[in-house]
Amino acid sequence: MCGYTYYFNTELKKKINKKILRDTLNLQRHRGPDISKWSNYKNSYFFHNRLKVIDLSNRANQPMTDTEGNIILFNGEIYNYLDLKKKYNLKNLKTNWDTEVILSLYKKLGENFVNKLNGIFSFLIFNKKKNQLFVARDRFGVKPLFYYLDKEKIIFSTEIKPILKLLKTYNINLKVISEYISTGKYFHTNSTFFEKIKIFP
């Protein structure tokens with residue numbers, strides 16, 4: 001299952017205190033109880049809670065970084081990763097799992113590699129050279145992904161609770177709550193019960 005959160009703040013002059021780091025990981029721990037890790041690069045923080053499935057080694061832990069410094073946070077399962085590994089001649093990989101295949105395909109094929117993936121997934125790749133984020137989610141939205149964006153901050157997460165923790169202050173979206181109470185509909189738009197927290201398409 002796994003859970004992850006990405007946090008970027010243009011005004012982050014000091015590092016986030018350790019309590020907030022621990023709390024952010026703990027809020028998504030139920031999604032991945034085996035390994036909890038975080039790392040940071042400049043104004044970006046990467047949080048990941050891993051549920052070990054196939055490759056049980058620590059080499060498959062996340063955040064995962066390739067030789068060019070690209071960093072990936074991933075939740076899901078790529079059903080055809082072995083076929084893609086063979087088709088695109090991906091050699092010298094350190095793990096036997098799909099996360100590293102995703103990162104290698106991104107490096108080899110560019111962003112359009114997503115069209116090759118068969119599975120359920122959401123992931124975020126931070127490209128250090130370009131200073132860019134690349135974010136993708138499976139076609140039917142099976143794997144959850146939420147985000148918050150303003151002039152200073154970018155937050156992506158597999159759950160809303162870590163976003164609220166990093167924001168500290170937030171507003172309830174009364175319109176969405178009212179609509180849910182009256183019609184029972186939710187997730188039919190990109191809005192959530194919290195203002196400015198959206199569902200990634």
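We will go through the sheets, then the pocket, then the salt bridges.

Mentor: This is a predicted model, in which local features need pLDDT of at least 70, side-chain atom pairs count only at pLDDT 80 or more, and totals for chains, interfaces and linings use all residues. Residues are numbered from 1 along each chain as its sequence is written, and side-chain values use heavy atoms, with hydrogens and water left out.

Trainee: In what order do the six strands of the open sheet come?
Mentor: Elements are DSSP runs numbered from the N terminus: helices are H or I with at least four residues, strands are E with at least two. Two strands pair if DSSP finds at least two bridges between them. Here the order is β2-β3-β1-β9-β8-β10, with antiparallel pairing. β2 (35-41) and β10 (197-199) are the edge strands, each pairing on one side only. On average, neighbouring strands of this sheet are turned by 15 degrees against each other, direction ignored.

Trainee: How many bridges pair β8 with β10?
Mentor: Three bridges, in the antiparallel sense, with β8 covering residues 146-149. Y148 stands opposite I197 in β10.

Trainee: Which strands do α1 and α4 lie across?
Mentor: Contact means heavy atoms within 4.5 Å. For angles, axes are lines fitted to C-alpha atoms, for helices over the stretch in contact, and the values run from 0 to 180 degrees between N-to-C directions. α1 lies across β1 (3-9), β2 and β3 (44-50), at about 40 degrees to β3. Helix α4 (residues 160-167) lies across β1, β8, β9 (153-157) and β10, at about 155 degrees to β9.

Trainee: Which strands make up the open sheet of four?
Mentor: That sheet has the order β4-β5-β6-β7, again with antiparallel pairing. Its edge strands, each pairing on one side only, are β4 (64-65) and β7 (132-137). Helix α3 (residues 98-109) packs on this sheet, touching β4, β5 (71-78), β6 and β7, and its direction makes about 120 degrees with that of β5.

Trainee: How many bridges join β6 to β7?
Mentor: Six, with β6 spanning residues 119-127 and the two strands running antiparallel. S122 has R137 as its bridge partner in β7, and F123 stands opposite A136. In a regular strand the side chains alternate between the two faces of the sheet. The hairpin of β6 and β7 has four residues between the strands, and N131 takes a positive phi near 55 degrees there.

Trainee: What is the volume of the largest pocket?
Mentor: On a 1 Å grid over the protein atoms alone, a pocket is an open set of points where a 1.4 Å probe fits, with protein on both sides within 12 Å along at least five of seven lines; lining residues have an atom within 4 Å of a point. Grid points are joined across faces, edges and corners, and the volume is the space filled by probe spheres set on the points. Here that comes to about 290 Å³. The lining has 17 residues, with D66, T67, L93, E100 and S104 nearest the centre. α3 gives the most, five residues.

Trainee: How many salt bridges are there?
Mentor: The rule asks for a side-chain nitrogen of Lys or Arg within 4 Å of a carboxyl oxygen of Asp or Glu, and the count is five. One of them joins K19 and D23, with the closest N and O atoms 2.8 Å apart. Both residues lie in α1 (residues 18-27), four residues apart, about one turn of the helix.
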